Amino acid sequence: MNSTVSMPVVRLDDLTLAYRRHPAVHHVTGSFPGGSLTAIVGPNGAGKSTLLKGIMGLLPPSEGRVHLGGVRRRDIAYLPQASELDRSFPVSVTDLVSLGAWREAGIFGRIKGKALDRVFEAIEAVGLSGFEDRIIGTLSGGQLQRALFARVLVQDSRLLLLDEPFTAIDTRTVLDLLAIVRRWHGERRTVIAVLHDMDLVREHFPQTLLIARELVGWGETDDVLRPERLKEARALSETWNEDPHFGAPRGARRAA
């Protein structure tokens, strides 16, 4: 684990995110230091994926701000949930992974030269050699997730947002992809991942943000995932007020 204190790459300043004026993330303040490896956890419907979308700029703040230090939003690598992808579209593994090089080729440009070399190197790195021409709709869940990780490898970003990257895939694939996450952490990239498996979080993620629409805890994983805090998160999730008039903080908190 890297212990060097770095300047924040992402800072949340009293951030509230909402859908149709119903708050999904409520008055969250804190920061992700450069080179940190952080899990975002919480009950179902706690706002975990919404928070990633807010950082990515896919959902504008209702209140507060997201500050990015040293990285542009167009350069963030974002791995969505596999369920959000349209697997019926006839795209090959190579085509999908090549999307990671769009900054060099443009949206409609042709991938070639060193960029194309990186595409095939990434496919090999995630264990999909021989699958280059396979249509993504024919892949298993684990194979699709490997292809999505390959796309992120090609993008070569300093800030990586991963939304449930290990859900519904086999154990071997989880271990292989965790190795890539550790590699990114060793390269001092900033990795933020929405996760559900608390054992996996405790073993592999030194920092954790626990959310139940509002912030419950943010800091060292062992401290954040104490039983009393997990109990508090469940209670908040069960009693949350859906009133759309949310202008005043309901016990706003800052990262510890």
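Is E228 buried, partly exposed or exposed? At 45% relative accessibility, E228 counts as partly exposed, a class lying between buried (under 20% relative accessible area) and exposed (over 50%), with a 1.4 Å probe and protein chains only.

## Basis of the report

The model is predicted: local features need pLDDT of at least 70 and side-chain atom pairs count only at pLDDT 80 or more, whereas totals for chains, interfaces and linings use all residues. Residues are numbered from 1 along each chain as its sequence is written, and side-chain values use heavy atoms, with hydrogens and water left out.

## Overall architecture

The protein contains nine helices and 10 strands. Helices (H or I, at least four residues) and strands (E, at least two) are DSSP runs, numbered from the N terminus. Of the 256 residues in the protein, 51% are buried. Among contacts (heavy atoms within 4.5 Å) with a separation of 6 or more, 72% are between residues 24 or more positions apart.

## Helix α1

Helix α1 spans residues 48–56 and is mostly covered, with nine of its nine residues buried. The buried residues include K48 and K53 as well as L51, L52, I55 and M56. After α1 comes G57, which has a positive phi near 90°.

## Packing of α4 against α5

Helix α4 (residues 113–125) packs on helix α5 (residues 141–155) at an angle of about 135°, and their axes are 8 Å apart. Axes are lines fitted to C-alpha atoms, for helices over the stretch in contact, and angles run from 0 to 180 degrees between N-to-C directions. The two helices are therefore oblique to each other; angles under 35 degrees count as roughly parallel, over 145 as roughly antiparallel, 65 to 115 as roughly perpendicular and the rest as oblique.

On the α4 side, R118, V119, A122, I123 and A125 take part, and they meet A150, L153 and V154 of α5. These contact residues divide into seven nonpolar, no polar and one charged. Here Ala, Val, Leu, Ile, Met, Phe, Trp, Tyr, Cys and Pro count as nonpolar, Asp, Glu, Lys and Arg as charged, and the others, Gly among them, as polar.

## Salt bridges

A salt bridge requires a side-chain nitrogen of Lys or Arg within 4 Å of a carboxyl oxygen of Asp or Glu. By this rule there are 11 salt bridges. One of them joins R146 to D176, with the closest N and O atoms 2.9 Å apart. R146 belongs to helix α5 and D176 to helix α6 (residues 171–186), so the pair ties together parts that are 30 residues apart in sequence. R146 is buried, at a relative accessible area of 10%, while D176 is partly exposed at 27%.

D176 also meets R172 in a salt bridge, at 3.3 Å from N to O. R172 and D176 are four residues apart in helix α6, a separation of about one helical turn. An α-helix has 3.6 residues a turn, so residues three or four places apart point the same way. R172 is exposed, with a relative accessible area of 56%.

R226 is partly exposed, its relative accessible area being 29%. Elsewhere, a network of salt bridges links D156, R183, E187 and R189.
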